Amino acid sequence: MKEIAKQLICLNFLIVFSHVFAQQKPVDLVNPFVDTVNSRWFYFSSASRPFGMVNLSPDTDTAKTWSSGYLYDSKYIRSFSHIHAWQLAGIAVMPTTGVFKGHLGMDSYQSAFTHNDEIAKPGYHKIVLKDYDIEVELTSTTRVGFHKYKFPKNKEKAIIFDIGARLAHGPTTFSKVWKVSNTEIAGVQVLKATGRRPKDTPVYFVAKLDTPFTSFKGWVNNELLEKETDTIQGENAGVGLIFNKKNAAEVLMKVGISYVSVEQACKNLETEISHWDFDKVRNESLETWNDWLSRIEIKGGTQKQQVKFYTDLWHALQGRRIISDVDGKYTDMTGENPITRTVSLDANGKPLFPHYNFDAWWGSHWSLNILWSMVYPEIMDGFCNTMVDMYDNGGLIPRGPSGGNYTFVMIGDPSVSFFATAYNKGIKNYDIEKAYKGLRKNAFVGGSRDHAGYEHNSPAFGGGMQYYIDQGWVPEGIEAKGGHLDGASMTLEYAYQDWCLAQLSKVLNKEDDYNLFMKRSLNYKNLWNPETKMIHPKEIDGSWIKDFQPVSKSFNSRGFCESNSAIYTHYVPQDMEGLIGLFGGADMYNNFLDESFHKGEELDFVGANKNHAASWIDYGNQPGTGMAHIFNYSGAPWLSQKWVRKVKEVYGDISPYGGYNGDEDQGQMGALGTLMAMGLFEFDGGVSVKPYYEITSPLFDEVTIHLNKDYYSGDKFVIKTINNSPENIYIQGAELNKSTLNNCWFYHDDFSKGGVLELELGKQPNKEWGVKVPPPSFSQSEN
């Protein structure tokens with residue numbers, strides 16, 4: 001019966017979206033409910049702007065980071081909180097009627113809901129709390145959440161501010177809220193440090209209402225205060241705003257937040273919403289999203305494909321959050337004490353770019369780096385400025401900051417590929433010399449690479465950089481307090497990152513560094529075992545590990561970060577020709593990789609039981625997300641066309657029960673899906689001095705990418721297909737700007753000037769097209 005119910009839900013989604021499909025407006029094609037049965041705290045978004053500081057949405061589960069936030073099959077709404085970010089949460093509110101239960105916690109005051117009267121769109125959410133008969137509408141600007149509550153008549157009414165509650169990543173260490181007037185309150189919630197974000201982090205807020213509250217009811221540690229007071233504070237403190245039964249039929253509330261101060265939260269609120277017109281803000285939010293999404297326009301394809309495309313693109317524009325205020329102020333937590341700083345301002349005193357919070361760029365060279373540099377180059381500029389600011393503040397280019405903290409999430413220094421992609425595509429509005437200095441520091445002992453996962457102790461050594469420099473590989477068995485002590489993955493990622501740094505060295509005329517890092521980029525060969533013919537981890541004494549398995553049922557195969565040798569063996573974006581040579585040539589390599597895809601297809605291209613390590617192919621986690629495109633390098637581009645299409649089909653679900661296999665990961669999988677649907681990719685991450693794009697067959701009849709004229713000279717780049725159909729997945733021939741294109745790739749310079757790429761498709765592979773000149777590889781282009 002449960003499976004039948006799921007099928008009916010999926011059918012209902014198809015019926016609902018068949019109506020908006022006819023309108024062809026990108027924002028209307030986004031389905032926020034995709035894969036929400038497997039939600040993660042930062043995954044679901046409704047009342048939020050692109051990269052918004054505020055991400056206002058319902059919470060059905062709040063106990064932990066995973067399986068939290070909004071989960072589709074949950075039965076209760078626990079709160080509406082304003083921050084759903086990596087390692088950050090905060091400011092939970094809940095309207096109620098009847099007996100006040102705020103002090104008793106969310107288990108007591110949560111409310112049932114149904115999806116029958118629920119609406120979620122980019123920038124908007126509407127839901128009815130069944131236990132209280134309250135209709136809730138939510139929208140937002142970048143830094144302000146806007147609430148609209150319709151209460152039933154003649155009942156006690158309250159809005160709970162449960163700012164001492166635990167939300168997702170950990171408890172609150174201290175909370176304080178005070179009454180400013182009978183239509184305004186303010187406060188602070190201090191988020192306890194986590195294993196990833198090493199310092200307590202305050203979130204400040206101010207809330208203004210259009211309807212006066214008659215009572216300010218506070219509690220500390222689940223005990224209501226007997227005497228009403230204008231200030232409540234403690235380890236677990238909160239308040240309820242009580243309203244007159246008759247006068248509060250509809251209440252509007254604006255909540256501004258800041259990581260700097262209450263005064264800054266108030267400035268954010270007054271600057272972004274100075275009125276009480278809820279519908280105006282909702283419509284502006286929808287239009288903002290539509291403008292962003294319309295940078296890529298598509299024609300053709302199925303309704304399901306269009307919905308998934310714009311849902312993917314929508315996810316690629318959130319997850320990573322703005323943490324600076326409207327005037328550019330932000331909190332730097334890299335030192336011993338918090339410091340308020342300001343981003344660079346223009347001549348009129350306005351911020352040139354926001355300051356961002358983000359999980360590591362781990363794997364983003366196959367997703368966000370490519371998509372953003374093509375379509376949203378200004379976003380890359382903003383993130384590059386954030387990283388340079390953090391280098392100024394704390395002495396390191398960050399791997400992934402949260403709340404102004406260094407976190408050392410995952411491994412290596414993926415920031416270097418981000419900078420190299422940006423700079424080599426002409427995205428240069430930051431201090432590249434300072435960035436290069438920080439990136440070079442990261443490539444040696446004591447830099448960010450030398451911190452193992454979440455290794456906050458100093459000096460760091462868990463990243464094994466001394467081993468890497470001395471012998472060219474990182475062993476297993478390093479004793480460190482950090483996580484992800486996976487020497488084979490570190491070696492492979494460091495080698496790729498060395499190549500990325502070499503590309504920057506080259507263009508910046510640093511020849512000695514170029515030669516050094518190019519040599520180090522070959523270190524992947526030090527873990528190639530000619531007997532197993534795979535990347536094989538080594539012990540500290542230099543011997544091959546004896547318990548080696550290409551795949552395993554554990555989340556981490558020994559030596560590999562959230563993956564295995566079957567996947568990481570292909571992790572050589574900088575030198576595919578060299579890797580193919582180790583396999584014994586293109587035929588042997590293609591046979592091995594093609595067989596891996598056949599094995600992976602049996603598991604829907606994800607680890608068994610969503611355990612990422614057990615499959616030969618895994619598109620549910622970052623290390624394997626470039627593998628289908630490798631055939632373009634190995635002389636069999638038709639196999640890239642085939643397997644990209646098959647992966648897209650498996651990951652094409654638009655119901656709450658599929659779409660990303662449970663870990664969209666802050667826009668990375670959405671960006672990857674967008675690229676695969678357009679038929680463009682960069683296996684080297686777009687890092688090379690002269691970047692280029694590999695081609696596979698798009699899903700659509702036409703894709704138009706509108707170029708940002710502040711960065712690129714062209715107006716638009718159009719991809720057209722001839723004979724496009726579900727069966728015609730193979731490229732028969734191509735033209736670029738009316739000239740025959742026999743390569744399965746073309747240069748970014750051609751893209752940036754604008755033009756038309758035309759692809760003729762057919763049912764059978766054309767094994768003569770795209771094979772004579774493979775995409776550039778280190779071995780062929782540098783030796």
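1. A helix here is a DSSP run of H or I spanning at least four residues, with numbering that starts at the N terminus. With that in hand, a first stop in this predicted model is Ala495, which belongs to helix H12 (residues 487-507). Ala495 is buried because its relative accessibility is 0%, and the cut-off for buried is under 20%. Setting aside neighbours within four places in sequence, Ala495 is in contact with Tyr468, Arg520, Ser521, Asn523, Tyr524 and Gln574. Gly472 is 23 residues away from Ala495 along the chain, and their C-alpha atoms are 9.0 Å apart.

2. A word on confidence before you look further. The chain has a mean pLDDT of 94, and 95% of its residues reach 70 or more. Please treat residues 17-22 separately: their pLDDT is below 50, although the model gives this stretch 14 contacts beyond near neighbours in sequence.

3. Next, have a look at Gln87. This residue sits in the loop that runs between strand E4 (79-85) and strand E5 (88-97). Is Gln87 buried or exposed? Its relative accessible area is 5%, so Gln87 counts as buried. The side chain of Gln87 makes a polar contact of 2.6 Å with the side chain of Thr194. Not counting residues up to four places away in sequence, Gln87 touches Thr65, His169, Thr194, Arg196, Arg197 and Ser402.

4. Aromatic residues deserve a point of their own, with 56 aromatic pairs in the count. One of them is Tyr693 with Phe746: the ring centres are 5.7 Å apart and the planes meet at 40 degrees, so this pair is tilted. Tyr693 comes from strand E30 (residues 692-695) and Phe746 from strand E35 (residues 745-747), so the pair ties together parts 53 residues apart in sequence. Tyr693 is buried at 0% relative accessibility, and Phe746 is buried too, with a relative accessible area of 2%.

5. Phe717 and Phe751 make another pair. Their ring centres are 5.2 Å apart with planes at 45 degrees, so this pair is also tilted. The pair links distant parts of the chain, with Phe717 in strand E32 (residues 716-722) and Phe751 in helix H19 (residues 748-752), 34 residues apart. Phe717 is buried, at a relative accessible area of 0%; for Phe751 the value is 0%, and Phe751 is buried as well.

6. Which residues form one aromatic cluster? They are Phe51, Trp292, Tyr356, Phe358, Trp361, Trp372, Tyr376, Phe383 and Phe418. There are also charges placed over rings: the charged end of Arg282 sits over the ring of Tyr124, 5.5 Å from its centre, while Lys599 lies over the face of Trp616 at 3.8 Å from the ring centre.

7. Finally, the sheet that includes strand E32. Six strands make up this open sheet, in the order E20-E31-E32-E36-E33-E34, with mixed pairing. Strand E20 (296-299) and strand E34 (739-740) are the edge strands, each pairing on one side only. Inside the sheet, strand E31 (residues 702-706) runs antiparallel to E32 and is joined to it by five bridges. Glu702 is placed opposite Lys720 of E32.

Note on methods:
Residues numbered from 1 in each chain as written. Predicted model: local features only at pLDDT ≥ 70, side-chain atom pairs only at ≥ 80, totals over all residues. Heavy atoms only, no water. Helix = DSSP H or I, 4+ residues; strand = E, 2+ residues; numbered from the N terminus. Buried < 20%, exposed > 50% of the residue type's maximum accessible area, 1.4 Å probe, protein only. Polar contact = N/O pair within 3.5 Å; in protein donor to acceptor, adjacent residues only side chain to side chain. Contact = heavy atoms within 4.5 Å. pLDDT = per-residue confidence, 0-100. Phe/Tyr/Trp six-rings, centres within 6.5 Å; stacked < 30°, edge-to-face > 60°. Lys NZ or Arg CZ within 6 Å of the ring centre and 35° of its normal. Pairing = 2+ DSSP bridges.
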